[in-house]
Structures are given as C-alpha cells and as structure tokens.
Amino acid sequence: MKLKRVAVVGPAGSGRSFLINSLLGSKHVEHAVRASPVTLDISSHRDVVEVNGRRAVLELVDTPGFCGQGVIVEEVQRDLKTKFKHIDKVVIVIAKGRLEPTDKNEIRSVLQFLDYKNNPEKIMIVINDRRENGINQQQKENDLSNILHMLGVEDYSIVNSKTQMSPLLPAVSLSNDEEGIFHSEIEMIQEFLLKETTTQDPLIQVRNSVGMTSRNVFSASLVLAAALVLGFLLNSYMDASVENCIEQLKTGKIKLEGVAVSQKSSIEQLETDLTKLKEETDSKSISLSKLRKDKGNLEDEVASKKGQISTLETDTGKLKEEAESNKK
C-alpha cells in the first residue's frame, strides 16, 4: 500500500494536533486548548485512510508550533529536511483568532521555503475557526480571503463541499460540527492528501553533502558507473606490476633497516660522548671552584702582607727620625 507522508506545520496553538487526529480518525497525539503549546518535539503518526475510492497509508508529521517554547521556523524547516527521507505534501494550519504579526512572518517564510507558487498541488492552507459559531459560509470565506491576502497569497482556491479542486493553492476553513459540515471538510482535506500529483518528486527530500536530488540521480549514476569501469581498468593495469612493487618495497625495507641500525649506533656513540663531556665538565667545575677558593686565600695573604709592609714603613720612618736626632 502506498505511503503518503505529509507535514503539518503552523503557529503554536493553531490546532495542528487536533487536525492530525481528525484526519487519521483516532487520537494519535495529545491536543488541548491552552496558552502553552502541546507539541514540543517533531513526531510522525500513521494510519490507513480511504476516501472516495482512494486508499493509502497516511503518515502525518506533527511539528512544534512556531514561537512556542522558543521554537523558530528555521528549526522546523531543518528538521523536515533532515529527519525524514521525503515529505510529499505540507498542510499549513492557522488559527483565525490567534494570528499574530510574528505568525504572519513565520508563515510567509514557510511558504517561500516550500516555493508555494510552483507547488500548489502539494500544499494546502487550513484556517481553523471552529471556535467561532454562528458565522455563515460566505462570511467564513471572506475571512479566509482576508487572511490569505495578509499573508501575500494572491492565487488560491477556496475549497468547500460545493467546489472542485483547482490548480491553484487550495485553502479550507474548518467549520464547527453542525450538520456534519466539519466531517465533509475533513474528507476534502484527506482527498487532497491522497491525490496523486502531476510530478512524482516529493515536496521536500533529504539532500546529501553535494545537494543531490532525484533530478540528478541518473547523472550521478552514470558518473558512478564510469568511475567503476575506470577503477576496473586501473586495477587490471596495476595487477601486472604488483609483484615488482612488492619486491621494491622489500628491498626498500631492508635498506631502511640498515640505515636504522647505523643511526642507532651513531646515537649510542653520541650518548657515550655526551656522558664523557658531562664528566669532564663536572671535573672542571670542581677545579674552577678550588681555584676560586685559592684565589681568595691569596688575596687575604696579600692584604696581610700589605699591612705588615705599611707597619714596617712606619717603623723605618721613626728610626730615621731618631738617627737624625742623635747626629745633632
């Protein structure tokens, strides 16, 4: 059975989880009407869906709401490109009563990311105004048109139980449960999701490090095949000289071992010479220390002799003076 993988994105509190449960026909994810967002991590949920003769496994990817718990639209876009092999279609859910200015910018960013003008058959906008009662169909469609104009979407088609799908970007306004209108709108969304598109390429798919997509897989396959053939030819050419290469490597290894032995001997000789030089240095250091000590002793002796000479000169002077005095 064919698998249809659809991402459900939108601002926090727009009703994405509620829509997923409605489309799959059972409670797969938690949802609630409250200020804080319920969905905090990206997850996927599957079930078999059949509508108007079409039957398929519908996998809906529940994404965190923009601006909820610090989630930014770039993070959601990155997760869609990296955590799933492909995304066939995207449903953008908007809560009419909670459309803030920041939400408008985030939704515009998503539309540009999806290249909505060139992929209208793979994207649907769902306006969730189920909390408003007593509004007729014409008013709901007028409100829907106003929201789309605020988002900068000009080419669109409002889908209801009385209209058929057109080539333009489809938009649905969810009603309340009166007279089963809500259930018919859910069936219209299911029909859109199961419907085959004119192009087989998914809306989003994982890109590898060189940015490869299904459009250039064939070219890449040819390049790979050419590389394999070239590798085979090179291997055939190289096999003839493998033995010669091995012999040359063995000869080179023997030469290197000889050089290693020679260098080892040189290193041992250098270590011996270094030891001798260190011993000589230590011996000379001891001799130098002794010489310095002897020099100090000699300097002390010289100073002592100079003192004695000075005393003798003084005594000699006195004797001369006495001799001259005796002569007189």
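Biologist: What share of the protein's residues is buried?
Modeller: Keep in mind that this is a predicted model. The protein has 328 residues. A residue counts as buried when its relative accessible area is under 20%. The buried share is 34%.

Biologist: How many helices and strands does the protein have?
Modeller: Both kinds of secondary structure are present. The total is seven helices and nine strands.

Biologist: How far apart are the end C-alpha atoms of α3, and what span should its residues give?
Modeller: Helix α3 runs over residues 101–113, which is 13 residues. At 1.5 Å a residue, α3 should span 18 Å. The model agrees with that, as the end C-alpha atoms are apart by 19 Å.

Biologist: Where do the buried residues of α3 lie around its axis?
Modeller: The buried ones are Asp103, Lys104, Glu106, Ile107, Val110 and Leu111. In an α-helix, residues three or four places apart point the same way, because there are 3.6 residues a turn.

Biologist: Which exposed residues does the opposite face of α3 carry?
Modeller: The buried residues of α3 pack against β1, α2, β5, β6 and α4. Now take the face turned away from that buried side. Its exposed residues are Pro101 and Gln112.

Biologist: Are α2 and α3 roughly parallel or roughly antiparallel?
Modeller: Their axes come within 10 Å and cross at roughly 30°. Angles under 35 degrees count as roughly parallel. Therefore α2 and α3 are roughly parallel.

Biologist: Which residues make the contact between α2 and α3?
Modeller: The crossing of these two helices is right-handed. From α2 come Val73, Gln77 and Lys81. From α3 come Glu106, Ser109, Val110 and Phe113.

Biologist: Is Asn52 buried or exposed?
Modeller: Asn52 sits in the loop between β2 and β3. Its phi is positive, near 50°, and it is a residue other than glycine. The cut-off for exposed is over 50%. At 59% relative accessibility, Asn52 is therefore exposed.

Biologist: What is the phi of Asp115?
Modeller: Asp115 lies in the loop between α3 and β6. Its relative accessible area is 36%, which means it is partly exposed. Asp115 is not a glycine, yet its phi is positive, at about 55°.

Methods:
Residues numbered from 1 in each chain as written. Predicted model: local features only at pLDDT ≥ 70, side-chain atom pairs only at ≥ 80, totals over all residues. Heavy atoms only, no water. Helix = DSSP H or I, 4+ residues; strand = E, 2+ residues; numbered from the N terminus. Expected span 1.5 Å × (residues − 1). Buried < 20%, exposed > 50% of the residue type's maximum accessible area, 1.4 Å probe, protein only. Contact = heavy atoms within 4.5 Å. Axes fitted to C-alpha atoms, helices over the stretch in contact; angles between N-to-C directions. Parallel < 35°, antiparallel > 145°, perpendicular 65-115°, else oblique. Left-handed = near helix turned anticlockwise from the far one by under 90°.
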